[in-house]
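Student: Could you show me how to read burial, strand pairing and aromatic pairs in a protein model?

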Amino acid sequence: APPEVKRVPLEQKQIQHPVGKRLVDIALKKKSNLIASADVITTAELLKLAEEVGDHVVALKLHTDIIKDFSMDFIENLKKIAKEKDFLLFEDRKFADIGNTQELQYKEGIYKIGSWADMITSHVIAGEESLKVFDNVGVVAIVEMSSKGTLTDDYYIGKALNVAESAPNVMGVVAQRKVSDDLLLFTPGVNISTSGDNKGQQYNTPERVMRGYHTDFMIVGRGIYQSANPKEVAQEYQSLGWAAYEASLS
Ligand code: 6AU
């Protein structure tokens, strides 16, 4: 059943984080609450997908460590597309270590995430101070996961939320329910043609996450990049997501 509390419209949200504000501005301008997850394994596929879905998304989510031929040239090309089509780059690294290690993973190695990402995901399992190392970026804290059997029960979610809400660089959370009034909510596990995979993923519809969970942004991976026509399908998710958001306001 939909929550009884009314949703606060995006333009009235009190967003503190500058990256959160940028994301909301893009959403209102494009009438989109869609983030495409580009879980493809070559830079050619990724750049093609970025061109195809770019007009319809507020951000493109990446797992750069699955890309076979990653390079900084690729990042430069991707940044050009992001600028032209006005979307943010969101690295789904899901950091989960002590601050010092996370700092190295964030700044060093071959990905140099801190030099290009607008947003990143991080677990909060190592506590608030571990998050301090993420500078010049919007942190999206994982407080609840979408998969069957996840350990993120109510107790975990409450504790994780405390950490997320006290870290000033956290702009939002990943969860499958409304958890916070102050942070933006991001919900993965969205697909209109299937209810799950055989590896534990569980899917909801755009309607369900927008009207039921009052999420701010839905994240769609295989539903878009594995479709026959990613551009058309991204546009379809965009209109379904925005219509469900508008319906959830009244
Ligand atoms: O639509 P899919 O199932 O193809 O892809 C979902 C995307 C993947 C996951 O790594 C990610 O969303 N994800 C996350 C994120 C965004 O952090 C958390 C979670 O609980 N479930 C989930 O699927 O790139």
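Tutor: Let us begin with Y106, which counts as buried because its relative accessibility is 1%; here buried means under 20% relative accessible area, exposed means over 50% and partly exposed lies in between, using a 1.4 Å probe and protein chains only. Please keep in mind that this is a predicted model, in which local features need pLDDT of at least 70 and side-chain atom pairs count only at pLDDT 80 or more, while totals for chains, interfaces and linings use all residues. Residues are numbered from 1 along each chain as its sequence is written, and side-chain values use heavy atoms, with hydrogens and water left out.

Student: How is a pair of aromatic rings described, and how many aromatic pairs are there here?

Tutor: Such a pair is described by the distance of the ring centres and the angle of the planes. Rings of Phe, Tyr and Trp (its six-membered ring) pair if their centres lie within 6.5 Å, and planes under 30 degrees apart count as stacked, over 60 as edge-to-face and the rest as tilted. By this rule there are eight aromatic pairs. One of them joins F95 and Y106 in an edge-to-face arrangement, with 6.3 Å from centre to centre and 75° between the planes. F95 belongs to strand β3 and Y106 to helix α4, eleven residues apart, where helices (H or I, at least four residues) and strands (E, at least two) are DSSP runs numbered from the N terminus. F95 is also buried, because its relative accessibility is 0%.

Student: Which rings form a stacked pair?

Tutor: F186 and F217 do, at 5.3 Å centre to centre and with 25° between the planes. F186 lies in strand β7 (residues 184-187) and F217 in strand β8 (residues 217-220), so this pair ties together parts that are 31 residues apart in sequence.

Student: Where do the side chains of a regular strand point, and which residues of β4 lie on each side?

Tutor: In a regular strand the side chains alternate between the two faces of the sheet. In β4, M119, T121 and H123 lie on one side and I120 and S122 on the other, and all are buried.

Student: How many bridges join β3 to β4, and how many link β4 with β5?

Tutor: Two strands pair if DSSP finds at least two bridges between them. Three bridges join β3 (residues 88-95) to β4, and these strands run parallel, with F90 standing opposite M119. β4 also pairs with β5 (residues 138-142) in the parallel sense over five bridges, and there S122 has A141 as its bridge partner.
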